[in-house]
Amino acid sequence: MRFRSITTTGTAEPTPDSDRKTVRLHSKSVIGLLLVAGAALGAAFELAPRVLLRPSFGAYSDAKLHDALGRAFVEYWRSESRALPAHLTSLVDYWFQWHAIKVVNSALLAIVLALLTTGLWQKYLRGRRWYAAVATAATVSTVFVIWVLSVNIQVAALPLIPLLGVLPGRAAEGKLAQVLSEMREGLTKSASPHAGSPALTVLLGEVERYYWVTAAISATLMVATGLASAHFWKRRITGDPSATRVRFMHSTLGVITALTACLLLLETAGSALSALEPATSLLGIIGAG
């Protein structure tokens with residue numbers, strides 16, 4: 001694919017093959033198709049898992065999921081076994097498949113947004129200045145969707161601990177409230193008879209692994225965005241000083257990726273600390289307040 005060269009004022013210079021029919025990301029038709037595709041994928045983010053999993057698991061409303069998980073977790077805690085009971089295993093499998101579908105959806109949406117972002121920046125270089133605002137918004141949206149993709153990968157990799165976040169915590173009632181109280185006692189008092197619970201041992205190990213996976217994924221993205229930021233700033237510095245639009249584009253992309261790298265650094269550090277303190281992290285998940 002060949003594009004027409006850009007002058008310092010952002011207008012296009014004709015080339016001998018400019019009349020050839022080629023697919024250009026900055027064309028209105030392509031941008032329109034990408035917008036439609038992005039909207040469809042965004043709408044399918046929550047709808048697709050519900051539809052695709054209904055034949056195997058039935059229709060889970062939030063209330064039904066909370067109730068089913070509460071009963072399964074009470075059964076697990078009182079089983080005095082490290083192995084998950086069948087009901088809880090089914091829910092964990094459901095949560096895995098739910099987020100695996102979202103991984104595919106997020107990946108496709110990230111690709112669509114990345115193409116749309118490229119097309120909008122090209123449109124800015126060739127057209128009106130207000131395209132810069134739209135292109136910047138698309139860039140931020142792309143970064144956000146990539147982060148959402150990473151979160152869903154984390155959950156799909158180790159779904160048990162994120163699934164526990166569905167529990168109502170301090171709002172729990174009946175048997176579940178008693179079980180969560182026993183868990184908190186086991187996590188905060190080493191002399192408690194619940195401190196050596198087989199279920200608690202499994203959950204602490206899962207918490208540790210989950211946050212180390214989170215830290216690894218965040219660190220990888222941090223390095224990638226840091227390198228991208230350095231690339232954009234280098235292109236800005238070494239580019240034609242009179243090409244103001246190109247310099248603005250590289251500056252904007254450099255700032256966005258640099259800020260993203262900083263946020264990912266904080267997430268990496270926070271995840272590592274959570275992995276080093278699994279008891280505190282588990283208390284936060286089940287509701288320590």
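How many helices and how many strands does the protein chain have?

Mentor: Start with the whole chain. This is a predicted model. The protein chain has 9 helices and 0 strands. Read along the sequence, the pattern is α-α-α-α-α-α-α-α-α. Of the 289 residues, 44% are buried. The chain exposes about 15,000 Å², and carbon and sulfur atoms supply 66% of that. Now look at contacts between residues at least 6 apart in sequence. Of these, 73% join residues at least 24 apart.

How far can the model be read? The average pLDDT is 86, and 90% of the residues score at least 70. Residues 1-22 need care, with a pLDDT below 50. In the model this stretch still has 32 contacts beyond near neighbours in sequence. Where pLDDT is low, the predicted coordinates should not be read in detail. Confidence is highest in helix H4, residues 131-157, at a mean of 95. It is lowest in H6, at a mean of 86.

Now to H9. This helix spans residues 278-286. Its buried residues are Pro278, Ser281, Leu282, Leu283, Ile285 and Ile286. Keep the helical repeat in mind here. An α-helix has 3.6 residues a turn, so residues three or four places apart point the same way.

Take H7 next. Two packed helices are described by the angle between their axes and the distance between the axes. The axes of H7 and H9 come within 9 Å and cross at roughly 95 degrees. Angles from 65 to 115 degrees count as roughly perpendicular, so H7 is roughly perpendicular to H9. The residues of this contact divide into 9 nonpolar, 1 polar and 1 charged. On the H7 side are Leu200, Leu203, Leu204, Val207, Glu208 and Tyr211. They meet Pro278, Ala279, Ser281, Leu282 and Ile285 of H9. Of those H9 residues, Pro278, Ser281, Leu282 and Ile285 are also on the buried list.

Ile161 sits in H5. It is buried, because its relative accessible area is 2% and the cut-off for buried is under 20%. Leaving out residues up to four places away in sequence, Ile161 touches Leu203, Glu206, Val207, Tyr210 and Ile285. Look at three of those names. Leu203 and Val207 are among the H7 residues that meet H9. Ile285 is one of the H9 residues in that contact. Ile161 also gives a distance to check. Its C-alpha atom is 9.7 Å from that of Arg209, which is 48 residues away along the chain.

What happens just after H9? Gly287 takes a positive phi of about 95 degrees there.

For another positive phi, go to Glu80. Its phi is about 55 degrees, although it is not a glycine. Most residues other than glycine have a negative phi, and most peptide bonds are trans. Glu80 is in the loop between helix H2 (62-78) and H3. Glu80 is exposed, with a relative accessible area of 57%.

Glu46 lies in H1, residues 28-57. It counts as partly exposed, at 35% relative accessibility. Beyond its neighbours within four places in sequence, Glu46 contacts Trp98 and Lys102. Glu46 and Lys102 are 56 residues apart in sequence, yet 8.0 Å apart in space, C-alpha to C-alpha. Lys123 is in H3, residues 86-126. At 15% relative accessibility, Lys123 counts as buried. Not counting residues up to four places away, Lys123 touches His26, Lys28, Ile31, Arg128 and Tyr131.

Note on methods. Residues are numbered from 1 along each chain as its sequence is written. This is a predicted model: local features need pLDDT of at least 70, side-chain atom pairs count only at pLDDT 80 or more; totals for chains, interfaces and linings use all residues. Side-chain values use heavy atoms; hydrogens and water are left out. Buried means under 20% relative accessible area, exposed over 50%, partly exposed in between (1.4 Å probe, protein chains only). Helices (H or I, at least four residues) and strands (E, at least two) are DSSP runs, numbered from the N terminus. Contact means heavy atoms within 4.5 Å. Accessible areas come from the Shrake-Rupley method with a 1.4 Å probe; for residues, only the protein chains shown count as cover. pLDDT is the predictor's confidence in each residue, from 0 to 100. Axes are lines fitted to C-alpha atoms, for helices over the stretch in contact, and angles run from 0 to 180 degrees between N-to-C directions. Angles under 35 degrees count as roughly parallel, over 145 as roughly antiparallel, 65 to 115 as roughly perpendicular and the rest as oblique. Ala, Val, Leu, Ile, Met, Phe, Trp, Tyr, Cys and Pro count as nonpolar, Asp, Glu, Lys and Arg as charged, and the others, Gly among them, as polar.
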